[in-house]
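Hi,

Here is the structure I promised to pass on to you. Please have a look at it first, and then read my notes below.

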Amino acid sequence: AGLSASAKMNVLDLDVVMKNTKGMPYVRFPHQSHTLWLDCSNCHPAPFLSKAGTNPVTMSEIFRDKYCGMCHDRVAFITFFSCNRCHSVPQDASLPAR
């Protein structure tokens with residue numbers, strides 16, 4: 001969590017499903033796998049605002065090193081060849097109400 005031995009990790013078990021995917025399956029963002037090793041401040045408030053619907057994430061922006069692209073294609077898996085790692089929720093799937 002930090003350089004101090006007393007720092008605590010803030011692991012968040014929350015999936016966010018992004019539905020602005022046109023004909024592709026929806027994107028499931030798993031907070032838990034990210035917050036197991038990253039502090040929330042790595043992503044919030046920049047590049048992601050913490051309010052649903054306020055981040056205009058697109059693949060073209062990701063390929064321009066914005067949003068997810070700040071890490072993916074660099075220190076995390078390559079997005080261009082791994083579509084199904086993120087686009088993993090069928091559009092006809094029933095999702096829990098949020």
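**What I found**

Let me start with His-72, which sits in the loop between α2 (59-63) and α3 (83-86). Helices here are DSSP runs of H or I with at least four residues, strands are runs of E with at least two, and both are numbered from the N terminus. A word on the source: this is a predicted model, in which local features need pLDDT of at least 70 and side-chain atom pairs count only at pLDDT 80 or more, while totals for chains, interfaces and linings use all residues. Residues are numbered from 1 along each chain as its sequence is written, and side-chain values use heavy atoms, with hydrogens and water left out.

Is His-72 buried or exposed? His-72 counts as buried because its relative accessibility is 12%; buried means under 20% relative accessible area, exposed over 50%, and partly exposed in between, with a 1.4 Å probe and protein chains only. Apart from neighbours within four places in sequence, His-72 touches His-34, Phe-77 and Thr-79 (contact means heavy atoms within 4.5 Å). With Phe-77 there is also a polar detail: a polar side-chain atom of His-72 lies 3.4 Å from the backbone oxygen of Phe-77.

Strand β2 (residues 26-30) pairs with β3 over two bridges, and Tyr-26 stands opposite Val-89 in β3.

Finally, the chain as a whole. What is the order of its elements from the N terminus on? They run β-β-α-α-α-β, which gives three helices and three strands. Of the 98 residues, 17% are buried. The C-alpha atoms fill a box of roughly 45 × 30 × 25 Å along the principal axes. Among contacts between residues at least 6 apart in sequence, 42% join residues at least 24 apart.

Definitions and conventions. Two strands pair if DSSP finds at least two bridges between them. A polar contact is a pair of N or O atoms within 3.5 Å; within protein, one must be able to donate a hydrogen and the other to accept it, and residues adjacent in sequence count only if both atoms are side-chain atoms.
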